[in-house]
Amino acid sequence: MKLESIQAAEKKLLLNTYERTPVLFTSGSGVHIRDEAGHDYLDLLSGIGVTALGYAHPVVEAAIAAQSKRLLHTSNLFFHEHTVELALRLTEISGLDRVFFCNSGTEAWEAALKLARAHAGLLHAEGRAIGTKFLALEHGFHGRTIGSVATTHKDKYREPFAPVMPGVEFVRFNGVADLRAKFSPEVCGVCIEAIQGEGGIHPVSQEFFQTARELCDSTGALLLADEIQSGLGRTGQWFAYQHYGILPDVTTVAKPIANGLPMGAMLCTDEAARAITPGLHGTTFGGGPLACAVAIAVIDTIKQTGLLAHVREVGGYFREQLEVLRKRHDCIVEVRGRGLMIGVELDNVELATQTAAAMMAERIIINRTSDTVLRFLPPYILERKHVDRTIAALDQILARLTHSAAMAGAAPAGDHSHGQ
């Protein structure tokens, strides 16, 4: 089917959840993805942070081929050989003790929320004074299911589904005093993204993260670190919390773990895991043989090829070049992020919208988050030559668009909100 016929069929048949860009992709290789006309696009979004090893990676293809010939699925009522292999790798790189496998990031976060409530119930039964409340951060994003939405700050994600899960209060981002004021023995969990993704690539401060850790330790509440976008090497460490030297009680991963196959995981300490017994939580498809086999291949490849160091090196170069652009273009407010999780905040919504579209016209894929932030989440195999191409294109586009706005008499009206 051609693009036009697919668009017409989707308009009739699919739930209207995304405003799609009118491009039909058919294949990919490395950091490039190809459309139906044979045009290659430099993908600096990697399926929203998913294809960490790029497209058609031979290790991933080999893992899929080998496992698909043996076993695709067996229920979690039985054993298969890959769950322990993968769990050992994840606990080793995370510093945590136990793993729950699922199918997506939002499912991993739901598991984390349920674990925090169950753990609080266990502590309460043991005589501890602890409640069921969650503290979450302003501008945070944790997913689309009803619990995840309840801990997501932006009204547009929560209000259409009200009433959402009760017992959530939002804390000012990096507001240490606000965190201390709102924390109490009623809190069972504090929800943190070490680097907010949908919220605009904002790193949490060392002081805020450390304060959250100390407060949780004081009562037995769990510190929940959402690493769905920042985890598994995206920032140049296996997990973004490792930049801070702080170990959470629970973390969640998903996007890059199986390089495009649906998979997620929640990791936790032995103490937190005490609260879950057979029957309290589960999944039909989570931790299946195929997804686990591919995730093992992804983690081993990142290790064996030194990709964490590569992410730090190329990500550092990328940010340096973006800082050069910031000095040349007044419309760039700030460059933020770590490794290959980078945001470039522009000074108004219209310019950010036009810039993302113009980059697409140059066959360079990025997207816009938090209204004014250009987001870069490229595959970990990105090279300096790809950065140079991106910087050259962005330089020309910003010059052209700001010149056109100036000629029209004024820059577009600004919107500096942190909304999702």
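Glu-126, Glu-271 and Arg-274 are joined in a network of salt bridges, a salt bridge being a side-chain nitrogen of Lys or Arg within 4 Å of a carboxyl oxygen of Asp or Glu. Side chains of opposite charge can pair when their charged atoms come close. By this rule, the count comes to 21 salt bridges. The model is a predicted one, in which local features need pLDDT of at least 70 and side-chain atom pairs count only at pLDDT 80 or more, while totals for chains, interfaces and linings use all residues. Residues are numbered from 1 along each chain as its sequence is written, and side-chain values use heavy atoms, with hydrogens and water left out.

One of these contacts pairs Glu-92 with Lys-303, at 2.7 Å from N to O. Helices here are DSSP runs of H or I with at least four residues, and strands are runs of E with at least two, both numbered from the N terminus. Glu-92 counts as exposed because its relative accessibility is 57%, whereas Lys-303, at 35%, counts as partly exposed. For these labels, buried means under 20% relative accessible area, exposed means over 50%, and partly exposed lies in between (1.4 Å probe, protein chains only).

A buried setting is found for another pair: Arg-213 and Asp-249 form a salt bridge with their closest N and O atoms 2.8 Å apart, and both residues are buried. Arg-213 sits in helix H9 (residues 206–219) and Asp-249 in the loop between strand S10 (222–226) and strand S11 (250–253), so this contact ties together parts 36 residues apart in sequence. In the salt bridge between Glu-334 and Arg-336, the closest N and O atoms are also 2.8 Å apart. Here Glu-334 is partly exposed, at 37% relative accessibility, while Arg-336 is buried, at 5%.

Strand S11 deserves a look of its own. Both of its faces are covered, with Val-250 and Thr-252 buried on one side and Thr-251 and Val-253 buried on the other. S11 pairs with S10 in the parallel sense over three bridges; strands are taken to pair if DSSP finds at least two bridges between them. Within this pairing, Ala-225 has Thr-251 as its bridge partner in S11. S11 also runs antiparallel to strand S12 (residues 264–268), to which four bridges join it. There, the bridge partner of Thr-251 in S12 is Leu-267.
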